[in-house]
Amino acid sequence: MAIRQLSETLINQIAAGEVIERPASAAKELIENAIDAGATRIEIATSGGGKALLRVSDNGSGMDAADLELAVRRHCTSKISETLEDIHTLGFRGEALPSIGSVARLSIASRRRDSAGGHEIAVAAGKIAHMRPAAANPGTIVEVRDLFFATPARLKFLKTEKAEAGAITEIVKRMAIAFPAVRFVLSGSDRTTLEFPATGDDHLARMAQVLGKEFRDNAIALDAVREEISLTGFAGVPTFNRGNSAHQYAFVNGRPVQDKLILSAIRGAYAETIPSGRHPVAVLSITLDPALVDVNVHPAKSDVRFRDPGLVRGLIVGAIREALARDGSRAATTGASDMLRSFRPGFQPNSQRQQTAWSAETSPSRPYQPTTGFGERPQASFDGLSMPTARAEPQFSPQPTAPEPNARYPLGAARAQIHANYIVAQTEDGLVIVDQHAAHERLVFEAMRKALHSKRLASQVLLIPEIIDIPEEDCDRLMQHAAELSDLGLAIERFGPGAIAVRETPAMLGEVDAHGLIRQLADEIAEWDTASGLSAKLEYVAATMACHGSVRSGRRLRPEEMNALLREMEVTPGSGQCNHGRPTYIELKLSDIERLFGRS
């Protein structure tokens with residue numbers, strides 16, 4: 001078969017398959033062009049999920065007739081000269097407009113600010129339809145109709161209009177976060193109008209527009225530098241998490257990216273603080289010399305390659321962990337909101353209530369008849385409990401001193417213990433409810449982790465060794481890592497082919513369920529085990545051991561023990577959530593309580 005040169009139109013259509021994958025890809029390219037042109041206002045309109053219509057209007061610098069004619073040709077750009085090592089713009093390949101024009105009906109109307117009139121060019125299926133003068137405001141309007149009409153095969157693989165419209169919305173949100181000084185408006189017949197007013201240099205205000213106002217209250221500022229790379233942005237507290245990773249945004253030199261290295265670093269930074277199946281909320285902005293990052297990895301420009309990926313990952317993990325240690329122990333503000341909603345399920349506007357027939361049993365005006373634990377008989381079991389004091393001094397020394405009159409404690413003073421598991425404390429402006437097991441589990445884990453990096457943990461010798469029968473293969477795995485477990489204060493020996501003898505346990509754990517601990521460690525080592533051993537997983541082992549040695553649910557605590565737990569939580573990093581990522585306490589402000597009773 002003879003080799004022949006492909007036509008220019010077919011070349012553009014092949015290229016379009018890489019650059020323009022779906023309507024959202026076209027929207028991304030057009031918005032990037034508008035930002036590169038210096039626009040401060042960008043309006044996006046869609047119809048049919050962007051397949052029938054995609055219009056992007058901006059007030060940027062505009063183009064004249066000569067620029068328009070070159071703009072629809074491949075590899076024509078004003079953004080780079082002879083090298084790819086000094087890219088400061090979002091676009092640079094010169095492929096977006098000709099790719100769109102080769103598979104759709106494209107028209108561009110533009111006018112320079114210093115020009116008396118504008119011009120318009122139209123391209124359909126790769127062929128220029130016309131070039132003519134046109135009335136236009138300063139800036140550019142790009143209109144794309146019937147996307148992929150020239151390549152029906154691609155059109156068949158698009159998702160539903162709703163899904164494609166949602167993908168465009170996500171692109172606009174990412175651009176809006178990256179450029180808070182630009183006003184974005186997204187509208188169309190297939191959607192509700194979405195507007196992000198410009199916030200200038202206030203990046204957190206723009207993030208609140210996109211991620212919700214709750215993000216502002218639950219975000220921790222990031223600002224770190226390592227060698228020639230700087231990292232800024234905001235990371236959500238661990239208890240402010242989501243069911244997927246769609247709320248994680250990353251930007252490299254202002255360019256929105258979805259890089260696996262960055263997403264992996266975020267997961268690593270939140271290890272042991274987020275429950276399984278949940279994902280943190282974070283917005284990261286990385287700034288570095290353009291020569292240290294390759295943005296030309298993929299035509300869509302959403303992937304990047306760093307010259308020193310280890311340095312970037314270390315910067316992200318270190319900055320987020322330092323921020324969480326500094327300010328991540330506070331509970332998410334959403335906890336109080338969830339509590340309020342659960343307390344008053346019937347407090348809805350009349351329009352939201354289901355209209356049902358009246359009955360004496362369900363009427364809100366029925367006489368009060370306690371049935372769930374607040375009657376005299378259920379409350380009788382509380383008679384034997386001593387009332388905690390309101391004093392909130394630390395209990396670390398044999399002779400604790402009384403606090404100064406003006407002393408402030410973020411977690412307040414213990415007032416009561418409920419159901420032998422929850423501590424209720426009074427603060428200056430509300431109350432705090434603490435899960436004693438989850439909180440103590442975190443405190444023990446942090447103590448073990450701190451000791452792990454300094455010396456071997458102290459252990460206590462068992463008077464009679466505990467003999468645990470487990471499968472032989474589990475015994476083999478445990479004994480392979482006996483030295484590493486010994487560093488954590490857990491001394492084990494082989495006791496026959498299918499048994500392990502536990503001779504020492506970590507002293508800080510006190511009384512330990514050795515049987516349960518050994519079996520769980522065996523299961524976890526079987527899942528993690530690699531040739532590199534357990535050294536990289538020692539913190540996970542410490543978390544497991546902390547869980548088995550913490551204050552158990554159902555244990556009644558004395559007032560001084562409760563207050564000591566609160567004081568230690570206040571000075572321990574990450575105490576706002578347990579090792580499994582669940583919150584250790586919920587704070588309810590006095591204003592929330594007053595709203596609950598209709599007093600405000």
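Guide: We begin at Asp 429, which has its place in the loop between β19 (422-427) and β20 (430-435), strands being DSSP runs of E of at least two residues and helices runs of H or I of at least four, numbered from the N terminus. The model is predicted, so that local features need pLDDT of at least 70 and side-chain atom pairs count only at pLDDT 80 or more, while totals for chains, interfaces and linings use all residues. Residues are numbered from 1 along each chain as its sequence is written, and side-chain values use heavy atoms, with hydrogens and water left out.

Visitor: Is Asp 429 buried, partly exposed or exposed?
Guide: Buried means under 20% relative accessible area and exposed over 50%, with partly exposed in between (1.4 Å probe, protein chains only). Asp 429 has a relative accessible area of 38%, and therefore counts as partly exposed.

Visitor: Which residues does Asp 429 touch, leaving aside residues up to four places away in sequence?
Guide: Asp 429 and Leu 590 are 161 residues apart in sequence, yet 5.5 Å apart in space, C-alpha to C-alpha. Taking contact to mean heavy atoms within 4.5 Å, and not counting residues up to four places away, the residues touched by Asp 429 are Glu 587, Lys 589 and Leu 590.

Visitor: How are α2 and α6 oriented to each other?
Guide: The axes of α2 (residues 23-36) and α6 (residues 161-178) come within 8 Å and cross at roughly 25°, where axes are lines fitted to C-alpha atoms, for helices over the stretch in contact, and angles run from 0 to 180 degrees between N-to-C directions. Angles under 35 degrees count as roughly parallel, over 145 as roughly antiparallel, 65 to 115 as roughly perpendicular and the rest as oblique. The orientation of α2 to α6 is therefore roughly parallel.

Visitor: How do the residues of the contact of α2 with α6 divide by class?
Guide: Among the residues making this contact are Ala 27 and Ile 31 of α2 and Ile 168 and Ile 171 of α6. Ala, Val, Leu, Ile, Met, Phe, Trp, Tyr, Cys and Pro count as nonpolar, Asp, Glu, Lys and Arg as charged, and the others, Gly among them, as polar. By these classes, the contact of α2 with α6 has 10 nonpolar, no polar and three charged residues.

Visitor: And how are α2 and α4 oriented to each other?
Guide: α2 packs with α4 (residues 96-103) at an angle of about 140°, their axes being 10 Å apart. With that angle, α2 and α4 are therefore oblique to each other.

Visitor: What percentage of the chain counts as buried?
Guide: The chain has 19 helices and 24 strands. Of its 600 residues, the share that counts as buried is 46%.
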